[in-house]
Amino acid sequence: MLYFEDFPAGATREFGHKVVTSDEIVRFAREFDPQPMHLDEAAGAAGLLGGLSASGWHTASLLMRMICDAYLTDAASLGSPGLAELRWLKPVRPGDVLTARYTVAEARLSASRPGIGITRLLYEVRNDRNQLVMTWDCTQKFSCRPVDGG
């Protein structure tokens, strides 16, 4: 189990390995973001993105899955009050292999709630060409490690 103390300021971690497919790009788009550049190669090629590309929301969902698979489901997470910033920097294309990295920008104990730590995690998502495709800046709350070592 991971606790607040496992996320000290300055810590980094690399994780994830997700191959993005055309089918899942289109499937996600049909359900949640049915814009032409996410549904059809020709429409994508005719637009600013230059080809079929994943919705930014799809990319964010893929990062969330990588976070859960890497550590969050084995952490004393108390949720997040939200994101300060989310940026989509490059299109995510079929065949891209996504990886992620977080840096703990801040870590502090809650002033009002004993036993709770608050972190600010900066995430970067890169494709297999090492291009930064998305960044995510969020606050995450964790329980502190129990005194008995938990």
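User: How many nonpolar, polar and charged residues does the lining of the largest pocket have, by class?
Analyst: The lining of the largest pocket has eight nonpolar, six polar and two charged residues, where Ala, Val, Leu, Ile, Met, Phe, Trp, Tyr, Cys and Pro count as nonpolar, Asp, Glu, Lys and Arg as charged, and the others, Gly among them, as polar. This is a predicted model, in which local features need pLDDT of at least 70 and side-chain atom pairs count only at pLDDT 80 or more, while totals for chains, interfaces and linings use all residues. Residues are numbered from 1 along each chain as its sequence is written, and side-chain values use heavy atoms, with hydrogens and water left out.

User: Ok, and which residues lie nearest the centre of that largest pocket?
Analyst: Of the 16 lining residues, H38, L49, A54, G56 and W88 lie nearest the centre. A pocket here is an open set of points on a 1 Å grid over the protein atoms alone where a 1.4 Å probe fits, with protein on both sides within 12 Å along at least five of seven lines, and lining residues have an atom within 4 Å of a point.

User: Which helix gives the most to the lining?
Analyst: Helix 4 does, with three residues; helices are DSSP runs (H or I, at least four residues) and strands are too (E, at least two), numbered from the N terminus.

User: Is W88 buried, partly exposed or exposed?
Analyst: W88 counts as partly exposed, at 40% relative accessibility, since buried means under 20% relative accessible area, exposed over 50%, and partly exposed in between, with a 1.4 Å probe and protein chains only.

User: Switching to rings, how many aromatic pairs are there?
Analyst: The structure holds eleven aromatic pairs, and rings of Phe, Tyr and Trp (its six-membered ring) pair if their centres lie within 6.5 Å, with planes under 30 degrees apart counted as stacked, over 60 as edge-to-face and the rest as tilted. One of them joins W57 and W88, whose ring centres are 4.9 Å apart with planes at 80°, so the pair is edge-to-face. W57 sits in helix 4 and W88 in strand 2 (residues 82-88), 31 residues apart, so this pair links distant parts of the chain.

User: And why is the pair of Y71 and Y102 edge-to-face?
Analyst: Their ring centres lie 5.4 Å apart and their planes are at 65°, so the pair is edge-to-face. Y71 is buried, with a relative accessible area of 2%, and Y102 counts as buried at 5%.

User: Which residues do ring pairs link into a cluster?
Analyst: The cluster holds F7, F15, Y71, Y102, Y123, W136 and F142.
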